[in-house]
Amino acid sequence: MSLPVSDADPFDHENLEDPGPMHEKLREAGPVVHLTRYDTYALARYEHVYAALTDWQRFESGAGVGLSNFRTEKPWRPPSLLLEADPPRHDAPRRVLSKIVGPRSLHRLRERWAAEAAELVDRVLAQGDTADAVPALAEAFPLRVFPDAVGIPAEGRESLLPYGDHLFNAFGPSNDLVANGIPRVAELSAWVNAQCARDMLTPDGFGAAIWAAADRGELTPEQAPLVVRSLLSAGVDTTVHGLSAVLYAFATNPAQWQRLREQPALARVAFDEAVRWESPVQTFFRTATTDVTVGDSVIPDRAKILMFLGAANRDPRRWDGPDHFDLTRDPSGHVGFGMGIHQCVGQHIARLEAESLVTALARRVARLELAGPVRRHHNNTLRAWRSIPLHLHRS
Ligand code: OW4
């Protein structure tokens, strides 16, 4: 029995700025590595991350998917019925939401979102040939179309980003990033929770559809607002940084932009390749429900296990030239949306947002390149961006 150890802190600022070198060390150290700093077990190879994600019985989510264990520490908000639950509690909320945000239901949004994206890109281009892609595109587009689709009012929706930022920080240790979010958490949570009530939601949105499922007895009236909360929690920061990732990928890989321009239908695969390449959600924890043998090592019952989605998505054992953003590759099987019963229920929304925005840009912009230094935003869970200055050369 051997157990490789590491004193790396995945949540320190150096690793949040550039996790690549740490990912490589963890992958090379062995199938599982004890992270002594947090007494948690790291999985960083694709094979083992995939295996754990598809084994919810031994790698549970119900004790929380952050570092803290709900069975011994009170969670900072009532747990999510989706992310932080396992069967059977997870089943009804998952079934209801998968239908509401599934590919068939989203069809009615395609034309509207294509038009919104075209308008936004035209507005940005009208202001000149440079723009900061993070606020001007990656934040502006989801903040426009997603809350509308859920059915919440325009007022206050700027609270969604800082709420999500704190939520994703709170999956990590109680470090400076979490401390910085605490002063606003009561205000932001109160606002988000208020939007989940039936009478706050427009009749045609995802939120109203969740309440209609409760009326049909598919959810209890207590479950409905928490399912709406999941959409508002998971649906904004993730797509903002996913869109930032695909824009950064194109800005730094001009040949791939030319390929997309020649073949606009590549917009969808480009987004999945960017999700593989950047892994906007870098990590989630699971909790062992029993002693689990991985390779030659035993993860003890109750231990927290940190799943490095970003490391798995660049594991050279699974991917050829993993560090290249390459539209000729088939990125399917990436674990950027997770895998198994918890795989991102909103992934079709994210893909449709990306397809809409990237297609609108490809129609109008012949070339895009960085116009200055990029800046990351550090978050304990997200591979996030603060600024991506772009030169947009109109076609
Ligand atoms: C990535 C996710 C993230 C944050 C919150 C929730 C889900 C939720 N999925 O269900 O509240």
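These legends accompany close-up views of the cavities in a predicted model.

**View 1. Cavities across the whole structure.** Let's begin with the overall search: the whole structure holds 3 cavities of 30 Å³ or more.

**View 2. The centre of the largest cavity.** Here we step inside the largest cavity, where 39 residues form the lining. Nearest its centre you will find Leu83, Ala234, Thr238, Cys344 and Val345. Sorted by class, the lining of this cavity has 22 nonpolar, 14 polar and 3 charged residues.

**View 3. Helices and a strand around the largest cavity.** Which elements each supply at least two residues of this lining? They are the helices α4 (91-100), α8 (160-170), α11 (223-234), α12 (237-251), α14 (267-278) and α16 (347-364), together with the strand β6 (283-288). The biggest contribution to the lining of the largest cavity comes from α11, which gives 4 residues.

**View 4. The second largest cavity.** Now for the second largest cavity, whose lining is made of 18 residues. Look for Pro10, Asn15, Leu16, Pro19 and Gln282, which lie nearest its centre.

Note on methods. Residues are numbered from 1 along each chain as its sequence is written. This is a predicted model: local features need pLDDT of at least 70, side-chain atom pairs count only at pLDDT 80 or more; totals for chains, interfaces and linings use all residues. Side-chain values use heavy atoms; hydrogens and water are left out. On a 1 Å grid over the protein atoms alone, a cavity is a set of points where a 1.4 Å probe fits but cannot get out, and a pocket is an open set with protein on both sides within 12 Å along at least five of seven lines; lining residues have an atom within 4 Å of a point. Grid points are joined across faces, edges and corners, and a volume is the space filled by probe spheres set on the points. Ala, Val, Leu, Ile, Met, Phe, Trp, Tyr, Cys and Pro count as nonpolar, Asp, Glu, Lys and Arg as charged, and the others, Gly among them, as polar.
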